[in-house]
Structures are given as C-alpha cells and as structure tokens.
Amino acid sequence: MVRSKASITVVFLAAFGLVGCGLGSDDGEDRPVEVSGEVDGTVTLQTWALKPNFTDYVEEVIAGFEAEHPGVTVQWLDQPGEGYSEKVLSQAASGDLPDVVNLPPDFALPLARQGILLDVESADEALHDEYVAGGISAYEFAGVDGVFGYPWYLNTDVNYWNGELLDEHGLDSDHPPATVEELMDQARIMSEESGGDMYLISRKPELGDLVKAGIPVLSDDGSEFVFNTAEAAALLDEYREAFDEGLMPRDVLTDAYLGNSQLFIEEKVAWSTGGGNFINGVRESNPSLAEKIVPSMAFGTPPLYVQGLSVARDTSNPAAAVALARWITNADNQAEFARIVPGIFPSTTASADDPFFTESDGTGDDDAKVIAFDSLAQAELLQPVEVDEAMSTIVNQQISLAISGDVTSQEALDTAVSRLNAMLDTP
Amino acid sequence: MVLLANRDRRRAPHGGGTRTGTASRSIRQQRWFAPLLLVAPAVVWLVVFNIWPSINTVVLAFTNAKPLGGGSFVGTANFERMLDDDQLVYALINSIVYMLVCLPLLTVLPLLLALLVEKRLPGITFFRTAFYTPVIASAVVVALIWNWLLDDRGAINAIAQSLGFLSGPLPFLTDRWLLLFSAISLTIWKGLGYYMIIYLSALGNVSRELHEAAAVDGAGVVRRFLSVTVPGVRNTMLLIMVLIMVSALRVFSELFILTNGTGGPGGRVMSVVMLIQMYSRGFTGNLGYASALSILLFVITVGPMVVLARMNRRS
Amino acid sequence: MPATTRAYAFNSVSPREKVLRYALLLVVLAITVGPFLWQLSTSLKGAGEDIYTSTPSFLPAEPTLDNYVRVSETVPIWTFAGNSLFVAAFVVIGNAVGATLAGFALARLRFRGGKFIFALIIATLILPGEVTIIAQYITIREMGLADTLVGVALPGTIGMLNILLMWAAFRAIPQELDDAAKVDGANVWQRLIHVGLPNVRGMLSVITIFAFIGAWDDFLWPLIVLTDPSNYTLTVGLQYLNGAFSANPRVIAAGTMIAFIPIVIVFAVLQRFFFRGVEEGAIKG
C-alpha cells in the first residue's frame, strides 16, 4: 500500500514529474469514489489478446452498452498477449491505466495494494448475488479490504490423453488414470510395454500439486510459507522414484521447451493437462492428433483460473466504468462469450443451469467442455496470489533438484521455503 | 581509451619530424569547438538514455524499490544479501565459464568465416545473407530446433546411438555442465554471423599488397593469416573481444531458451542476468536487489577488460 | 613470371580452392539455416498437416500460400510495416550521422574531455540495463512522446555500441592519409568527408544493419510506448496472430517470414559495401 513515508522511489519518480498522476497520490486513499452518477461521457476499456478473433463479439457487447446508455462512448483497446504484465506495469507506474482493465488476480494484487484499483464490493451491493463465490474471492487479497475486480470468464484444467498411444502400449483409453496412484501404475506399464521409449508422465509436481494433496502452502495470515512438511516431501519422493525408474523423460527437469503440452503435441508423451479449449488449440497445429485425444477429469482438486475486469481507482468516469465492467461480465454477455469459446465458463451464478455447459455432443472437444464445467464446482485457486513469477521459478528449481536426486526432497523444500520467505512482501 | 587505441600508431610512418610538424599545425587549424560539435549529439544521448538510467540503477541498489512504490533507503542490505545467495555463486561461475569458452572461439571462428565469404564467388551474397540469419531468427523457432537436436530423444542423441558412439542418451538439456555447453554452442552459432560482418568490414582495410608480398616470400596460408590478416584487423579484433566478453558475461537468452526459463535443476544453470531478470520482472519485482546485482556484474566486467588493456599495452 | 602468377592466384581462385570453398560454405550453410527453413516450411504447410512432430519434415506435403493471405487479412501489414520502416529509418539515420560524427571526433581529434566521454561510453555499455525500462518509458512520456513512433525510435537513435564500432573504423585509417590532408590545409569537416568517410564505408554499412535490425525486431519497448494500434510496429502488430485461445503456428510463421523480408533485402543490398573500405578508397593511390 502506498503509505506517506517519503520513499526514495517516489522522490525519484518525482524527478521524472510523475508524482500526482497515480503513484504516490495517497492523499485520497479513504475518499469514497462516487459511482452512482449518470452513465455518460467517455470510458476506456482494455482487454488482453481478444483481437482479432473476438473483435466482433467485443464490439457487439460494447454496442449493446452504448445503446443501453445513450451518451456514453467506449474506447476499446486490446493489448497483445505477450508482454502484457510489462504493459500494465508501465501504465500503472505512469498513471495511465485505462478505466476498465482486464487483469488476472495476480496482476490485480499488487495494483490493489498500491490503491490503484477500485473496491467494487463497496461500489456494488449486488456483487455477491450475481457472481460465483470462487470468482469473487480471487479478487480479495490479504491485507486490503474489498474486492478488486468483477470476475469474468473462468477456466480449469482437464486431463488429456493420447488415446492411440494408450491403446498401443497396453493401456485402455476408455479408462485413463483417475488418481495419481493409477497414473504411476499405468506409467510403469507404458514404459515396460514400449521398452522405455514412450512416456505417460512428462511433468513434475508444482506448488499447485501440493495444494491439491491438501498441504498448506502459506500460513493463514499470509506471513510465511509453510509447505516444507513431511507430506510434501513424501509426495516429491513419489515423483522422484518414478523419475529414477525412467517413467518420465529427463527433460521434465527443465520443462524442456514449453513443457508437457509441447511434448504431448509432438506425440512424445501420452498425457497433458490443459484448459477446456485445449483440443481446439491442438487442432490448429497437429490436426491428426486432435481426433485421438481423450479428456478426463483432473486428479484431486481441479485448479481455478479466473480472468476479471478491474476499475481504475482514479478513473475520471467511475459511474460509466463500473457500469461497463458489470455489463461485460453480466450473465447474458458471458454466456455468449462461452459459446464462442467452448471451454471457458461464465462467472455468473445465473449460468449454472445452462444446458449448453452440461450436455456433450459426444466429440472430444465437447466432452472436455462438460468435464471442465463439472470440475469448476470443486475448483479452487491452487496457487496463492502472493506467489509471483520469481517465486514459482524458485520453487520449480528446487522441486526439479529434488526429482533429479541431487538433494533430498526435504532439503529442497526447506531451501524453497526459506528463499520464498525472504522474498515475501509482508503487507 | 588505451584499451584499443595504442596499436594504431603502428601504421604511422617512422619519419617523426614531419609528423610533429603537421600535428602542431593541425592544432592551430582545428577550431577548439569543432570536436565538441561533433560529439554533442552523442553526448546528449549518452546522458539522457544511458547515464541517467544508470544513475537510477545505482540509486535503486540502495533501496527496497518495487516497480510500484516501496523504495525506502535500506543501506547496503541488498549487497549483504548477495553474500547469502548461493544461486549467485552458481550464476557467477557459469558466467565466467561462459566467457572463458566463448572468448577464444568467437574471436577466431567468425574471422575464419569472414575470410571464407570475403572472396567474390558466384552466389556469395546468398551465403553471406544465410550465415547472418541465426542473428535474427525468432527465439521460439531457435528453441524448437535446438530442442529437437539436443533432446534425449533428439537428433544428435539418436545419431550418436545408432552409430554406436553412445549406449544411452547424453543429457544435453538437463545436466548442469552439458546444458551450459549446449548454451555456449548456441551463442557461438548466433555469434558467427554477427561478428563475421564486423570482421568483413575490417578485412577491407588489410592491405592486399602486404598479402601479396608475403605470398611472394613463400608464406603459407597459415603464416599469412597470422602475420598479415590478424595484425591487419587487430583493432577490430580487440573491440570484438570486448563485445564478446561483455555479452558472454551478460548471457541471458540462450540459457533462458534452453531451460525454458527454469534455470535448470536448482537454478544451477542461471546466469547473473537471468537472476537480474528473475528478480526485476513483473509487478512484485525486487528492483533494489536486481540493481545491486547489475552493479556487481558491472564490476566483474571491468576486471577482464583491464586485463585485456594491459596485455594490449605490453605487446 | 612467378610474381604475376601469384598475384593472379590471389585475385581469383583456382578450381581446387573453389571446390573447397564451396564445400565449406555448404557446411556452414547447413548449420545456420535450419530455423529459417523450418519457419519457411511451416508457413507453407496446409491446415491438414501436423506441425510439431518428432521428425520434422522440411517439405510441406500440401504447400499453400493461404497462411500469408490470412496474415494480410488479420493484420494491416502495410500500416504496421510503414510504422516499423519509419522507426527503422529514424534510427538508421540517427546512428549513421550521430555515431559517425562522434566516432570520428573520438578517434581522430584531440580535445578536452574526449577520453572521459569515451570511458563513459564503455561504462554504459557494460552496465546491464535490465532494470531501467520503466524509468526509460517515464522519460519518454515526460517528453510528451508516449504513443508516438518518435518516442519508440528516440532511445536507440544514437547507440553507444555503434559509436565504438565507428571509432574502431576511424582508428584503422592510416595516419599518413590524415597527415597529408592536414598538410593540404584541410579542416576537420573536410578531413571527415574526404579522408574519413571513404575509408569507413564498410563499418558504416555494418552499423546501418545493426541499427535497422535492432529497430525492426524490437518488441517490448514499442509495446510499452505505443497504445494506439494504428501506431503499432510490425513486431507488436504481428502479435495479433497470437491471440487468446487459439494460435495457428502456420500463420504465425507466415507473419514472421513477412517481417523477415525487409531485413534480408537491407542485408543483401548493404553486404556488397563491406569490402569497399580501403581497397577502393583513398589509400589505393
């Protein structure tokens, strides 16, 4: 949070003429933002990588909003997929954040702590009735009160199997592994049947896998990491033994280029995880593979991935900004978006009974959609938002070291925890 | 300055008398502000886009700055933290090994390549252009191709095993040292074309008469290379050595590409710049520590450059 | 006469040497063009072909130009290429002029502060700039150049590395040429134009290529500076091919190939100048 202590950065940025346009303007921290006014004027909207595939959809939604509120003009800006965090960061640092901006929760957290985002909970009484709890809680952060974004579309992970490879190597594509134990057993069979040439597993566990196994990652007050437990070490040991037995390609240690999904696409391994729309992506690069893919539910607790729309706190047009964010994330518009992109799902409570999400036409794509939708009911945010990119890198490095057998699992976890604690930004 | 300069006088004629005469006259001819006018634009850019951000880096190194806010003065805490950072030890060793291997290879190989494409043969434009393409190839494709080559089930391992050189695959992409050397070969592959064209521009200055005279004297190809070509491009070679050192100590993309950003098991295949990137990127980046690491890298780079300058002065 | 045959042998190439040279050229070619070929072949592959396989095939089974058509339908290629060209031209001219002037002054003229400036240039070259990008953006923004192509071009307009390269080229000119010009009463400007420039054309073309490619290929910096899509440069604009939820690697490869063409042209045109240093310059006489 921006506190009024004279910090060197602020002094420094002041030299660039920055103070007064976003950063360091903490004087208005507790001033309520008036959002109930007339919805008119101009409002800017920033999305992430939706052009050109979804240009028509977004323009239609905007046109609907402008028709609903004559007198309002929406300026839509879409940012490329790559480099988005740097772009948003430079916008935030220079006070140029658009009025409504698509931010995943881990981007929203540091911005919310800086007081740059609007608390939509205090601005919107109906929030909790209209959006699913999991979506809302993704935008609630330890140390700051409020909800800092309207949840937008949701996604989760589904298991994808190369049916042909399973059947070729003594397994049954109708009954892919349903638990981690079955995964290990079947990986062993596949390895034996193929003479060690084909692998089922090509990923190493991540922080999220510890959460799935019920191991707490962060202490309840968010002040320290606590995942260096004996259970966690036992879990790593399981993978470590599997690695030692040769059940995974050695490249898992470095996630060799793009990790398991790339190996899966190259048909060098038979299992990958991906979002509800994974098969469609595979079809773009390797059409012959797409038809062989069999989806099944993720092991344990499925992960929840959330996208949301946040509102800049110092927007000049709060009423229109909040109205626009609500409009884009309302049940109708989200349901339509999910029809255009099968495999993503609305975060609105009203969509729960939509038969589109619960009935499959029998294709792999559609099965995956239904499986993903069913998974969402139990899905949770697996990785705490406090874990940033550098922290996940460090955790992955240590897990990889443990899997490789160079240090014990417990040592690796201890190292990871102590490094992460040193990096943790206590709010 | 002394680093690269002093050998140039080698070309000057030995008749000292006339030379001093013209030199002193030229000082009168040269208006005092003329050089300043010529360097003025460069100095503006130097100050605004290089020195100013550098001062920024130095100041940040003594703070706990984040990209958004934070930034209280923390004294030398960031530098003390380096002492406990065992990842930094690995990174330093890697960077130095990287430099020691790259320096001789990248100094010599591009020069040989330049000699190969120097001669005007039919189709030589095509070869020159093709040799330069690795410099501009996209990282994604480079990653794909090199993984395809170096993977456990990749082309190199497959060929080596089918020829009976190896009984099992070599872990090019997971073993710490093999990974480092795979990255070095990637650097050299990219550097060939880059330094080749710098050498090419310098080869034009190597006097053909000297070459011919040496040939008449019966000097073989190797002798001519060592006694005519190398001295002729000596200045450029020294500059190239500096560039290789700086870029080898700052290696980032090759290691990043081959480890998919993970830095290998335990982060033992990271370079210093990979550490800087890891800490500085993103919303929660620790700019203070990253800046302190930048300063460390600066200090480390100065060392070998001084050595190079000394060697140059002595010879 | 032996001397003339030797000299003859030096200027042209014996058949045996020719074979050897071509053999070596082909070996290096095989090592260097892999990624380029892969990209070219991917961009020509039809929608029914698999792209990522364990044994990549370099020949498209169903060759097609559809992917190129799709790039031009998806992305306003000409607008983006025009923007990139503007930035690249700005940077190339800036470096050709700025780095040449400074390189000449530092290499050939003695003046107060010269050594100091040179040391600073070397120093900034070796201090890593990874942590300064946001500060750089704020500088550009304060100049009122956010979301402009000039703002994208400005920081790279005089590259410190290019000054060093020009400095090295000017140092390599034999002192006697310069002295002769001084005796003739040439002033600084005349010495630069008549003695300096003809002898550094090779390096000038090298820094032109470096500046052009640097400006043309840069991604992160233009992304941060630019906001309005009509100002996007080609590398940023081509990201539209890589949208959320689906990305066709064939079309992305086609986009990369399109971005590649101008670089190849610039290189092919300039490479002939690499050798026109001293051999055609003033030293000839």
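Predicted model: local features only at pLDDT ≥ 70, side-chain atom pairs only at ≥ 80, totals over all residues.

Trainee: What holds strands together in general?

Mentor: Strands of a sheet pair through backbone hydrogen bonds, either parallel or antiparallel.

Trainee: Which order do the strands take in that sheet?

Mentor: The order is β6-β5-β7 in chain A, an open sheet of three strands with antiparallel pairing. At the edges sit β6 (271-274) and β7 (293-297) of chain A, and each of them pairs on one side only. From one strand to the next, the twist averages 30°.

Trainee: I can see another sheet in chain A. What's its strand order?

Mentor: That open sheet has five strands, ordered β2-β1-β3-β8-β4 in chain A, and its pairing is mixed. Its edge strands are β2 (72-79) and β4 (150-155) of chain A. The twist here averages 20° from one strand to the next.

Trainee: And β4(A) with β8 of chain A, parallel or antiparallel?

Mentor: Antiparallel, over four bridges, with β8 spanning residues 305-311 of chain A. There, A:Leu154 has A:Val306 in β8(A) as its bridge partner.

Trainee: Switching topic: how many residues does each chain put into the contact?

Mentor: Chain A gives 47 residues and chain B gives 46. Together the two chains bury about 3,900 Å², with 59% of that on carbon and sulfur atoms.

Trainee: How many salt bridges are there between chain A and chain B?

Mentor: Four. One salt bridge links A:Arg419 with B:Asp86, where the closest N and O atoms are 2.4 Å apart.

Trainee: Which helices of chain A supply residues to the side that touches chain B?

Mentor: Those supplying at least two residues each include α1 (8-15), α3 (84-93) and α20 (409-423) of chain A. The largest share, seven residues, comes from α19(A).

Trainee: And what kinds of residues make up that side of chain A?

Mentor: The side of chain A that touches chain B has 24 nonpolar, 11 polar and 12 charged residues.

Definitions and conventions. Residues numbered from 1 in each chain as written. Chains lettered and ligands numbered in written order. Heavy atoms only, no water. Contact = heavy atoms within 4.5 Å. Buried area = accessible area lost by both parts, 1.4 Å probe. Salt bridge = Lys/Arg side-chain N within 4 Å of Asp/Glu carboxyl O. Nonpolar A, V, L, I, M, F, W, Y, C, P; charged D, E, K, R; others polar. Pairing = 2+ DSSP bridges. Axes fitted to C-alpha atoms, helices over the stretch in contact; angles between N-to-C directions.
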